Amino acid sequence: MSDLLDPRNDFVFKRIFGSEENKDVLLVFLNRTFAESGEQPLTEIVLLNPYTDKDAPLDKQSIFDIWAKTAEGKLINIEMQLFNKYDIEKRTLYYWSKRYSSQLQEGQTYKELKKCVTINILNYSFIANERYHNVFHLREDHTGLELSDDLEVHFMELSKLDDQSVPMEGGLINWLLFLKGADKSNWEVLQMNEPTLKKAMDTLEFLSQDQEARRLYEERQKYLHDEASMIEWATEKGIAQGIAKGIEKGLVEGEKRKAIEIAKNMLSFGIEVSVIAKTSGLTESEVEALKD
């Protein structure tokens, strides 16, 4: 894939999976993901923060993870991590809890809360087993009895995949091999196993030939490398705690920007203010203010 952009770059990943025109690609990917956790397939998905030309790689307001919602109201967040930011499990639970609690508006009962799913695609190993796809729920230690289905966290570790082993049937592994950078000589087999992958591959090839897309990709790639180097240096020097607090503050601010972006997008579709407030976590007065 030397002449192709790297789909593990979150900017490229969102262009492939998080745009309105490729919503069918996202839907199939999610169904392959959920098939491995025993869930029923989705028939429809709504993008809450679709990719737009305003998403600039160096703009801190640009969000490169994917927010989606099912027809039943289940919330899904997909994040691609090219480099290890450390404490991924705590970061995941922190943002899951904010997303889960933000659904509830004043006066509503807890039964209004919908399931929240987080999908982390990691370019490094994190979990101490050999499974490339691990799924976590809330269950009792001894009996496996489920307390609630509202929490579901997926970790997909691309580093655990065998590059040389091309599957002979459909399923999630075909998608993950594509994301990891499977040699183009294997693309035909992957497409035969998963026909919708062709559209993802076509999108990647189109972006790779587009000069502006490549320029933006290189900007984002440099930003990600610099960020990873800073975190690594801070960890080695033992001063990560102070920097982590600054990063965390920025992440919290970014979460608010995400909510505003989602609310604006929903307003453009003429969705009621109360529904927008419930979905985004903003207050109704904050949503009303966005109208102006």
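Gln191 is partly exposed, with a relative accessible area of 25%, where partly exposed denotes the range between buried (under 20% relative accessible area) and exposed (over 50%), computed with a 1.4 Å probe on protein chains only. The structure is a predicted model, in which local features need pLDDT of at least 70 and side-chain atom pairs count only at pLDDT 80 or more, whereas totals for chains, interfaces and linings use all residues. Residues are numbered from 1 along each chain as its sequence is written, and side-chain values use heavy atoms, with hydrogens and water left out.

Gln191 belongs to helix α5 (residues 187–193), helices (H or I, at least four residues) and strands (E, at least two) being DSSP runs numbered from the N terminus. When its neighbours within four places in sequence are set aside, Gln191 is in contact with Lys198 and Met201, contact meaning heavy atoms within 4.5 Å. The C-alpha atom of Gln191 is separated by 8.3 Å from that of Asn174, 17 residues apart along the chain. Asn174 is itself one of the buried residues of α4, which also include Leu172, Trp175 and Lys180. Because 8 of the 9 residues of helix α4 (residues 172–180) are buried, this helix is largely enclosed by the rest of the structure; it is followed by Gly181, whose phi is positive, near 110°.

The protein chain as a whole has 10 helices and 6 strands, and 47% of its 292 residues count as buried. Among contacts with a separation of 6 or more, 63% are accounted for by residues 24 or more positions apart.

Leu30, with neighbours within four places in sequence left aside, is in contact with Leu42, Ile45, Ile76, Ile78 and Ile119. Thr33 also lies in helix α2 and is buried, with a relative accessible area of 0%. Not counting residues up to four places away in sequence, Thr33 touches Ile119, His133, His154, Met156 and Leu172; the C-alpha atoms of Thr33 and Leu172, 139 residues apart along the chain, are separated by 6.0 Å.

Strand β4 (residues 116–122) is largely enclosed by the rest of the structure, because 7 of its 7 residues are buried. Both of its faces are covered, with Cys116, Thr118, Asn120 and Leu122 buried on one side and Val117, Ile119 and Ile121 on the other. Strands β3 and β4 run parallel and are joined by 7 bridges, pairing being assigned if DSSP finds at least two bridges between two strands; Gln81 stands opposite Leu122 in β4.

A search of the whole structure finds 1 cavity of 30 Å³ or more, a cavity being a set of points, on a 1 Å grid over the protein atoms alone, where a 1.4 Å probe fits but cannot get out, with lining residues having an atom within 4 Å of a point. The largest cavity has a volume of about 40 Å³ and is lined by Leu48, Trp67, Ala68, Leu75, Ile76, Arg99 and Thr279.

Notes. On a 1 Å grid over the protein atoms alone, a cavity is a set of points where a 1.4 Å probe fits but cannot get out, and a pocket is an open set with protein on both sides within 12 Å along at least five of seven lines; lining residues have an atom within 4 Å of a point. Grid points are joined across faces, edges and corners, and a volume is the space filled by probe spheres set on the points.
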